[in-house]
Structure formats: C-alpha cells, structure tokens
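Keep the structure open as you read.

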Amino acid sequence: MSPAPGPPAATTRTERRRRHTLYFLEWSANQRPVHLDTDIDMTRIQAHRAAARAQGVHYSVVGYLLHSAGRTLARYPEANAVMAPGWPGLLRPPRTVRFDGVTAKLALDRPVEGERTVLSALVPEVQTASLREIQQHIDRYRGEQAAELPEFKGVRMLGKLPVLLGRAAFAAALRDPRKRPGIFGTVSVSSLGHRSVDGFHSSGGTAVTLCAGRVTDRAVVRDGRVVPAPMMRLGLTFDHRVIDGAVAADVLSDLRYSMEDFDDGSREPVPEPDLRGADRDVRPQRGLEQSQS
C-alpha cells in the first residue's frame with residue numbers, strides 16, 4: 001500500500017514589482033467605496049472612430065472616456081476632490097480639497113523587468129484637452145517599454161527600497177493633498193475592454209473611479225423594435241467620504257449623456273442623435289445649464 005501523498009510543493013517569494021500596488025492598497029483601505037454602473041450606447045462613438053480610421057487616425061475607446069470624464073468632472077467640482085488628511089479626528093472637522101483641473105489616472109498593464117505590473121499613467125487637464133491630445137498621451141504609454149519612462153521612476157524605486165522605507169516614502173508622497181493630482185490624479189480610469197469582461201469595479205484612490213468593460217452588440221429597443229447596438233458597461237465607484245450617492249448618480253448620468261452625444265468640436269459630420277437608445281438618461285439640469293454657459 002503506497003503512502004498517502006504529501007502536500008503539494010509550494011514556493012514563497014518576495015514581491016518587489018508589485019510593492020507600489022500593495023502600499024497603495026494599504027493606504028486606500030480608509031476609503032468608503034460605493035458602486036454604481038450603467039450601460040452606454042456607443043453608436044455615435046463607434047461611428048466617429050470609423051470615420052477617423054478612414055482618414056488614418058486611431059482613437060481608443062478609453063480616449064473618448066477620458067475626454068468625456070474630464071468635462072463631466074469639471075461640471076461637478078465636489079467630485080473632483082479628495083478627503084484631506086486628519087479626518088476622522090476628535091477635534092478636526094471633516095475637510096475636502098477640490099482641484100481646479102482634472103487629471104486622469106489611467107491604469108496600465110505593462111511588464112516591469114519581465115513581470116506584469118499595473119502602472120498608473122497621468123493624463124493632465126482632460127477637462128480641456130482635445131481627443132487627439134488625449135490619444136497622444138495614451139499612445140506614449142502604450143509601448144512595451146513604458147515602464148522605463150521617467151515618470152515611473154518612483155515605482156521602480158519602491159520595488160528596491162526596504163519595506164519600511166518604501167511604506168514611509170509612499171506615505172510621505174501623499175501627505176499633502178494639494179499635490180495629489182501629480183501622484184494619483186483627480187479621477188481614476190481603468191479599462192478591461194480588451195478582454196471578455198462586461199463590467200467590473202475598483203477603487204483607484206480618487207473620489208471617482210471609472211471602470212470600462214468591453215463594447216459588444218446587445219439588444220436594445222428603438223421605436224418599439226428590438227435591434228442590436230454597440231453597448232459598453234461603465235462602472236463608477238465613489239468614495240462616500242467625499243461625495244454622496246445623489247452626486248455620484250448625477251456624475252454617471254452626465255457622463256453617459258456626454259458619451260452618447262459625443263462631440264469633439266470638429267466640423268466633421270457625425271451620426272444624428274436618434275441613433276442612440278430611446279431610453280437614455282437625461283443629463284441632470286445643473287449639467288445642462290453649465291454646459292450651455
């Protein structure tokens with residue numbers, strides 16, 4: 001009779017390339033995330049992408065999301081904010097820091113010394129940047145050698161420092177909330193649309209985190225008929241310490257409206273609005289008023 005098999009072999013390894021992610025997760029545990037989501041009819045955006053491709057220009061879906069998110073967050077400054085350190089405390093009242101510009105933090109899956117690692121690339125001033133300017137930022141981070149760019153020097157350093165020093169350095173970088181846009185941005189954006197992922201949620205350390213799934217044809221009702229349309233699930237996670245659910249719902253509705261009615265300000269013809277789903281949300285009145293001013 002053969003002896004019972006022992007436990008399978010296991011290897012313990014020291015994580016280095018992902019230390020910045022682990023330090024971030026320790027820090028972000030103080031957030032109070034709440035999750036919302038909606039479906040966005042991408043008919044207009046897909047038509048715009050096709051027209052651009054015909055002219056030899058490539059735009060990624062995440063570029064449209066950044067373009068719309070920047071303009072939406074500019075209309076909701078309370079959501080383009082961060083909780084100031086010191087709260088909760090017995091004597092200090094709760095405080096938030098609001099930012100004038102919108103800087104997007106885009107999560108990237110890139111190799112660092114041969115290992116897959118999540119890097120956070122910053123795209124500044126997305127509230128005024130053109131779609132072409134945003135795409136230029138994205139293309140810069142698209143290469144396999146993106147981890148060697150100078151802005152990721154801090155990530156490489158955190159993987160080499162002793163853990164105690166690494167945690168201290170990470171905490172020191174986040175001590176002043178006014179410097180947060182240059183580290184974490186003011187809105188986080190993540191996309192898994194290149195995989196078979198319809199929807200997901202994550203918390204990116206900002207008041208609002210946007211998570212885009214894939215664009216795929218789904219059945220929608222238009223004029224009483226069921227027809228296919230390219231749809232994308234968009235998740236929004238918000239930090240309940242910074243904003244409440246009503247504001248977050250307005251942000252998500254405004255963002256959906258902006259993407260379904262996408263307009264980059266060019267004079268090129270785009271599909272008429274009636275190509276969108278007939279049951280779309282109406283942007284909150286405040287957003288309409290401010291966008292027309």
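Predicted model: local features only at pLDDT ≥ 70, side-chain atom pairs only at ≥ 80, totals over all residues.

The points below start with the backbone, then turn to helix contacts and salt bridges.

**Backbone: positive phi**

- Most residues other than glycine have a negative phi.
- E125 has a positive phi, near 50°, and is not a glycine. E125 sits in the loop between β5 and α4.
- D223 is another non-glycine residue with a positive phi, about 55°. Its loop runs between β7 (208-222) and β8 (225-239).
- D223 counts as exposed, with a relative accessibility of 76%.

**Helix α1 and its neighbours**

- Helix α1 covers residues 19-28, and its buried residues are R19, H20, T21, Y23, F24 and S28.
- Those buried residues pack against two strands, β4 (104-112) and β5 (115-123). They also pack against two helices, α5 (153-158) and α6 (163-173).
- The axes of α1 and α6 are 10 Å apart, and the helices pack at about 60°. That angle makes α1 oblique to α6.
- The α1 and α6 crossing is right-handed. On the α1 side, the contact uses R19, H20, Y23, F24, E26 and W27. On the α6 side, it uses V163, G166, R167 and F170.
- By class, the residues of the α1 contact with α6 are 5 nonpolar, 2 polar and 3 charged.

**Helices α3 and α4**

- Helix α3 (residues 61-75) and helix α4 (residues 131-140) have axes that come within 9 Å. They cross at roughly 125°.
- α3 and α4 are therefore oblique to each other. Their crossing is right-handed.
- From α3, the residues in contact are V62, G63, Y64, L66 and H67. They meet L131, I134, Q135 and I138 of α4.
- The contact of α3 with α4 has 6 nonpolar residues, 3 polar residues and no charged ones.

**Salt bridges**

- The structure holds 11 salt bridges.
- E26 pairs with R167, with 2.8 Å between the closest N and O atoms. E26 is in helix α1 and R167 in helix α6, so the bridge ties together parts 141 residues apart in sequence.
- Both ends of that pair are partly exposed: E26 has a relative accessible area of 42%, and R167 is at 40% relative accessibility.
- D39 forms a salt bridge with R233, with the closest N and O atoms 2.5 Å apart. D39 lies in strand β1 (residues 33-41) and R233 in strand β8, so the pair ties together parts that are 194 residues apart in sequence.
- D39 is partly exposed at 28% relative accessible area. R233 is partly exposed at 26%.
- R140 bridges to E151, and their closest N and O atoms are 2.3 Å apart. R140 belongs to helix α4 and E151 to the loop between α4 and α5, so this pair ties together parts 11 residues apart in sequence.
- R140 is partly exposed, with a relative accessible area of 41%. E151 is partly exposed too, at 35%.
- D198, R214 and R218 are linked in a network of salt bridges.

Key:
Residues numbered from 1 in each chain as written. Heavy atoms only, no water. Axes fitted to C-alpha atoms, helices over the stretch in contact; angles between N-to-C directions. Helix = DSSP H or I, 4+ residues; strand = E, 2+ residues; numbered from the N terminus. Parallel < 35°, antiparallel > 145°, perpendicular 65-115°, else oblique. Left-handed = near helix turned anticlockwise from the far one by under 90°. Contact = heavy atoms within 4.5 Å. Nonpolar A, V, L, I, M, F, W, Y, C, P; charged D, E, K, R; others polar. Buried < 20%, exposed > 50% of the residue type's maximum accessible area, 1.4 Å probe, protein only. Salt bridge = Lys/Arg side-chain N within 4 Å of Asp/Glu carboxyl O.
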